[in-house]
Amino acid sequence: MTSRRVVIALGGNAMTGADGSATPEAQRNAIREAAGHVAEVVAAGVEVVLTHGNGPQVGNLLVKNELAAHVVPPVPLDWNVAQTQATIAFTVADELDAALAARGLPQRTAGLVTRTLVDADDPHFREPSKPVGRFLPREEAERFVSLGQVWEDRGPRGWRRVVASPEPRSVVDSPAIHALAAAGFVVVCAGGGGIPVTDDGGDGAALRGVEAVIDKDLTAAVLARDLEADTLVIATDVANVMVDFGTPSQRPLGRVTVAELRAHAGEGQFARGSMGPKVEAVLRFVEGGGQRAVVTSLENIADAVTGDAVGTVVTAA
């Protein structure tokens with residue numbers, strides 16, 4: 001089947017160099033390569049909404065915060081997410097517009113700074129656990145603790161900041177994303193899981209940013225639901241989800257049902273810090289009424305949208 005509208009979530013490997021380099025040149029080169037694959041999806045006649053990770057970019061901004069803290073006040077984490085969204089979105093727009101034009105396609109790219117609603121009472125706010133940024137000696141970390149940040153002793157490597165990672169509830173700006181996609185734009189949005197905001201008034205009129213980061217794959221599932229996408233594609237650095245990973249009996253999963261994949265997840269097959277959130281995202285999307293979801297490598301995304309021959313394809317039955 002060919003999807004009508006697809007949400008594609010690009011992993012961090014699509015935003016940095018092969019060696020993990022996050023220099024501007026390395027990021028642009030990596031984004032240029034990713035843009036070529038996305039353009040092939042657009043060429044198949046599909047409406048594409050694109051989201052992405054931002055871990056290395058936020059990490060760089062946090063280092064700048066630390067180094068300049070004695071000169072200018074560090075900005076909050078929601079500001080860092082917003083800044084990286086804008087930087088990555090305009091870079092993707094430049095490279096994707098060029099890739100679309102090279103293929104003679106009329107579509108163009110629009111980047112949208114995007115907010116994601118979280119619950120102010122989410123238990124993750126009471127127990128921050130998501131590590132961000134670099135390791136520091138205790139005496140340097142204490143300077144940021146005095147500014148209200150939470151840091152943990154991580155042993156020989158030093159101290160590291162930990163922040164809340166609440167559940168995404170909805171993508172605040174999904175109506176604008178929907179309108180742009182319907183108008184023919186490839187939309188780059190909800191980068192890094194979206195800027196986390198809470199609703200103090202309960203009616204959408206009193207939103208405020210909060211110190212947190214949201215898992216971008218879980219937000220991608222919410223975004224795909226909100227936009228009524230047919231397919232969610234999680235692009236990563238492997239072609240398939242694996243079971244029994246790292247053992248002689250490891251094997252790739254092809255087409256699987258929600259029940260089968262949920263059973264594998266229940267057995268602890270997928271690491272919390274790597275494949276776990278991706279599997280949970282595709283499960284939530286299909287369990288919530290989505291037609292299909294695919295986890296596969298970046299170079300396979302065009303084939304993943306138009307058929308079931310590549311990647312781990314998740315369906316309801």
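I take buried to mean a relative accessible area under 20%, exposed over 50% and partly exposed in between, with a 1.4 Å probe and protein chains only. By that scale I noted aspartate 94 as partly exposed, because its relative accessible area is 41%.

**Ground rules**

I am working on a predicted model, in which local features need pLDDT of at least 70 and side-chain atom pairs count only at pLDDT 80 or more, while totals for chains, interfaces and linings use all residues. Residues are numbered from 1 along each chain as its sequence is written, and side-chain values use heavy atoms, with hydrogens and water left out. For helices (H or I, at least four residues) and strands (E, at least two) I use DSSP runs, numbered from the N terminus.

**Entry: the eight-stranded sheet**

I traced an open sheet of eight strands with mixed pairing, in the order S3-S9-S2-S1-S12-S16-S17-S15; two strands pair if DSSP finds at least two bridges between them. At the edges I found S3 and strand S15 (255–257), each with a single partner strand, so one side of each has no neighbour in the sheet. On average, neighbouring strands here are turned by 20° against each other, direction ignored; axes are lines fitted to C-alpha atoms, for helices over the stretch in contact, and angles run from 0 to 180 degrees between N-to-C directions.

Within this sheet I looked up strand S2 (residues 47–52) and strand S9 (residues 186–189), which run parallel and are joined by two bridges. Valine 49 has valine 187 of S9 opposite. I also noted that helix H7 (residues 258–266) lies across S15 and strand S17 (312–315), at about 85° to S15.

Threonine 109 belongs to strand S3 (residues 109–112), and I recorded it as buried because its relative accessibility is 11%. Contact means heavy atoms within 4.5 Å; leaving aside neighbours within four places in sequence, threonine 109 is in contact with Ala93, Leu96, Asp97, Leu100, Phe185, Val186 and Val188.

**Entry: the three-stranded sheet**

I found an open sheet of three strands in the order S5-S7-S6, with antiparallel pairing. Its edge strands are S5 (130–136) and S6 (151–153), each pairing on one side only, and neighbouring strands are turned by 35° against each other on average, direction ignored. Between S5 and strand S7 (residues 159–163), which run antiparallel, I noted five bridges, and phenylalanine 135 stands opposite arginine 160 in S7. Helix H4 (residues 138–145) packs on this sheet, where it touches S5, S6 and S7, and its direction makes about 130° with that of S5.

**Entry: helices H1 and H3**

I checked how helix H1 (residues 24–43) meets H3: their axes come within 8 Å and cross at roughly 50°. H1 is therefore oblique to H3, given that angles under 35 degrees count as roughly parallel, over 145 as roughly antiparallel, 65 to 115 as roughly perpendicular and the rest as oblique. The residues making the contact include Arg28, Ile31 and Val42 of H1, and Phe90, Asp94 and Leu100 of H3.

Asparagine 80 is also in helix H3 (residues 77–102). I recorded asparagine 80 as buried, because its relative accessible area is 1%. Not counting residues up to four places away in sequence, asparagine 80 touches Val58, Leu61, Leu62, Asn65 and Val75. Aspartate 94 lies in helix H3 too, and its C-alpha atom is separated by 29 Å from that of valine 310, 216 residues apart along the chain.

**Entry: threonine 219**

Which residues does threonine 219 contact, leaving aside its neighbours within four places in sequence? I listed Thr116, Pro168, Val171, Ala190, Gly193 and Ile214. Threonine 219 lies in helix H6 (residues 216–226) and is buried, with a relative accessible area of 1%. A polar atom of its side chain lies 2.8 Å from the backbone oxygen of glycine 193.

Glutamate 228 is in the loop between H6 and strand S12 (231–236) and is exposed, with a relative accessible area of 58%. Aspartate 244 is in the loop between strand S13 (242–243) and strand S14 (251–252) and is partly exposed, with a relative accessible area of 30%.

Key: Polar contact = N/O pair within 3.5 Å; in protein donor to acceptor, adjacent residues only side chain to side chain.
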